[in-house]
Amino acid sequence: MLITPDDLVALVRNYNPSCDEALIRRAWEYGESMHAGQMRHSGEPYFTHPVAVASILTEMRLDDATIVTALLHDTIEDTRSTYAEVERMFGHDVAELVDGVTKLTNLQLSAADPASGEGRRASAEAKQAENFRKLLMAMSRDLRVILVKLADRLHNMRTIRSMRPDKQLQKARETMEIFAPLAGRMGMQWMREELEDLAFRVINPEARNSILRRFITLQRESGDVIARITADIRFELEKANLDGTVYGRAKKPYSVWRKMQEKDLAFSRLSDIYGFRIIVDDVSECYQALGLIHQRWRAVPGRFKDYISQPKSNGYRSIHTTVSGRDGKRVEVQIRTREMHEVAEAGVAAHWSYKDGMRAVNPFAIDPAKWIESLTQRLDVDKDEDHDEFLEHVKLEMYADQVFCFTPKGDVIQLPKGATPLDFAYAIHTRIGNATVSAKVDGLRVPLWTRLRNGQQVEIITADGQRPQTMWIELVHTGRAKAAIRRSLREEDRERFVRLGRELCRVAFDKVGRRVTDKALDTAARTLRLKGANDLLARIGSEEISARSVVAQLYPETSTMAEVEVDASHPVMGLDKDIPFRRASCCQPLPGERMVGITYRGRGVYAHAIDCPVLADLDNQPERWVDLRWLEGKHAAVNKIQLEMTISNSAGVLGRCCTLIGEQGANISNLVFKDPKPDFFLIAVEIEVSDAEHLHRILTVLSAETDVAQVTRVRDLSLKP
């Protein structure tokens, strides 16, 4: 039912008696007239939606400009209204906010459909990455834009049943992946939980209904557990003359389902499905209440978090503890002051909250500018990151739970859950991360892949000359660390490619009686529209451009001489010698195996194994296919392939396997433990072989080893050209 302008004004005046009533009424009239005749999918007048969004924002006690923006947030997008008109009628602040929400309205933030084709997925991922950048930009300008957008999404999810089923699913996934975690990161946990539950109802209604039925059954069998435990807690507080408010509730269906999935437990074995909050007057009473709870019930080890002494980056403060309550049931108890509770409910939005006509002065409310600054510093976005890296970076940093660790000097470092000492090092400074050789946690030396826990002290040990290793990318968890490592590796590779490119140019120029000069290289770079000589040399060194083609570009009269030179870098027949050739990473064809070439614009030809699944997607593009076959003769053992081995966890087994590979004349270039178990290890091994026959001999001797349960060659289809 549509509320009236009087109702909305009353909602605002409840927390802000000095609000600009005329401005709100004017915005109502303008929005209603602009949306006149427009209808929602449900058949209701469209203006019911902006009004509902404004009502949600009044629950957060937001300022007049945000409420007015909610009433007008779709006018520029969906009506004849313009930015200039909104600015003239409602002021620059409101116009900027409405424009910001408008720009976010059509952003496609959900992931690409897995069923779509490769090209379409790549295009969708590029668009998604760009839209993420726009989202971050809008947040940096004014967080109220995101608050309106979150309220907009919440009302749309509450009324999602009127949409087409496919549209419901798309919106629900986007809500679960983007908007719900974003609300949580901003400290608005109530909104996160409701968004998750509304999305869960669409994505997996059977699971949600099953959990609700189990709650009903549990209540029928055990009675009102929440009321009994709430009464127990109140009794302990009253006995100690401690004035506090106690709330209890069952956890949301999605929260319960997620715990069941993460811990692989049935509902009957899930313990902490109830949560309780104790609200007291001051910080000292928080710790007094904690003592009372731990005296009455046994604390569960490892389930205590003190966010009062170590607040979250969004200003959240509270004590969390889990105890074995009545009848042995585990319950989570959160203890906080009333001011902390206000911030816990409103999150970053508490900065704009009003109380009794004045901006609420809450000592725990974080300044949005500082929150954005801390987020930006953690993101440390690299302009050279590709779309996949950027999306991975943003999601890791924005949506992860946090742990708090200490430097030896006592400084606190905030990291996402799952972070390692390497993440800790890069959080201090990129220079320290790059130079890390080892780490100590609580005084004990630990591997760099160790997962850090709350309250640990971490000491990073560095050394001059140390450089990031490729395998480090798999060890770190934060986007900042991954970006820094990739950046360092690119710079190192670039230096190596420049040196190699210069040597290749020297040889190619010598063959035609010319000398390599900086002027010649700069000229060639301009001709090829590259940034400069070093960019040209790097591309030559990485085989994107051949040195011979540069010579031919500069000295056309020598092109005949260049064409008769034998290019030994192409061990194949059926390919022009000036066309770059590579083995496709997805299937890694070896000499001796049947293959086919596929041309990729600007990158040359990639050879795929004849049975590579990627080829099925290219049946309708015959112009890109090239007939190739390996040249006969011995090939150098430089063809990298990947093996997966399951070996018994016994002394000396790994050493024997490595020896067997070495005895067959193959080199191990990388080895990673993927799934260590008490009895068996799953390891990934990258080896260099000469041809298919060489690989066959290696597989044969490994398969014959008693302690090798299985060995297979891996083709990684995620590594398509």
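Predicted model: local features only at pLDDT ≥ 70, side-chain atom pairs only at ≥ 80, totals over all residues.
Residues are numbered from 1 along each chain as its sequence is written, and side-chain values use heavy atoms, with hydrogens and water left out.

**The whole chain**

Start with the protein chain, which has 28 helices and 23 strands, taken as DSSP runs (H or I of at least four residues for helices, E of at least two for strands) and numbered from the N terminus. Of its 721 residues, 49% count as buried, where buried means under 20% relative accessible area, exposed over 50% and partly exposed in between, with a 1.4 Å probe and protein chains only. Contact means heavy atoms within 4.5 Å, and among contacts between residues at least 6 apart in sequence, 65% join residues at least 24 apart.

**Helix α11**

Next select Glu 193, found in helix α11 (residues 189-203). Glu 193 is buried, with a relative accessible area of 17%, and, its neighbours within four places in sequence left aside, it is in contact with Arg 249 and Lys 252.

**Helix α23**

Move on to helix α23 (residues 518-527), whose buried residues are Ala 520, Leu 521, Ala 524 and Ala 525. Viewed down the axis of α23, these buried residues fall within an arc of 135°, so they line one face of the helix; the arc is that of the directions from the helix axis to the C-beta atoms.

**The four-stranded sheet**

Now show the open sheet of four strands, ordered β21-β22-β20-β23 with antiparallel pairing, where two strands pair if DSSP finds at least two bridges between them. Its edge strands are β21 (667-676) and β23 (708-714), each of which pairs on one side only. Strand β20 (residues 639-648) runs antiparallel to β23 and is joined to it by six bridges; to look at the pairing itself, select Leu 643, which stands opposite Arg 713 in β23.

**Salt bridges**

Finally, turn to the 28 salt bridges of the structure, each being a side-chain nitrogen of Lys or Arg within 4 Å of a carboxyl oxygen of Asp or Glu. In α24, Arg 539 forms a salt bridge with Asp 535, the closest N and O atoms being 3.3 Å apart, and the two residues, four apart in that helix, are separated by about one helical turn. Arg 539 is partly exposed at 29% relative accessible area, whereas Asp 535 is buried at 11%.

Arg 656 forms a salt bridge with Glu 705, again with the closest N and O atoms 3.3 Å apart. Arg 656 lies in helix α27 (residues 653-663) and Glu 705 in the loop between α28 (692-704) and β23, so the pair ties together parts that are 49 residues apart in sequence. Last, select Asp 6, Arg 13, Glu 21 and Arg 25, which are linked in a network of salt bridges.
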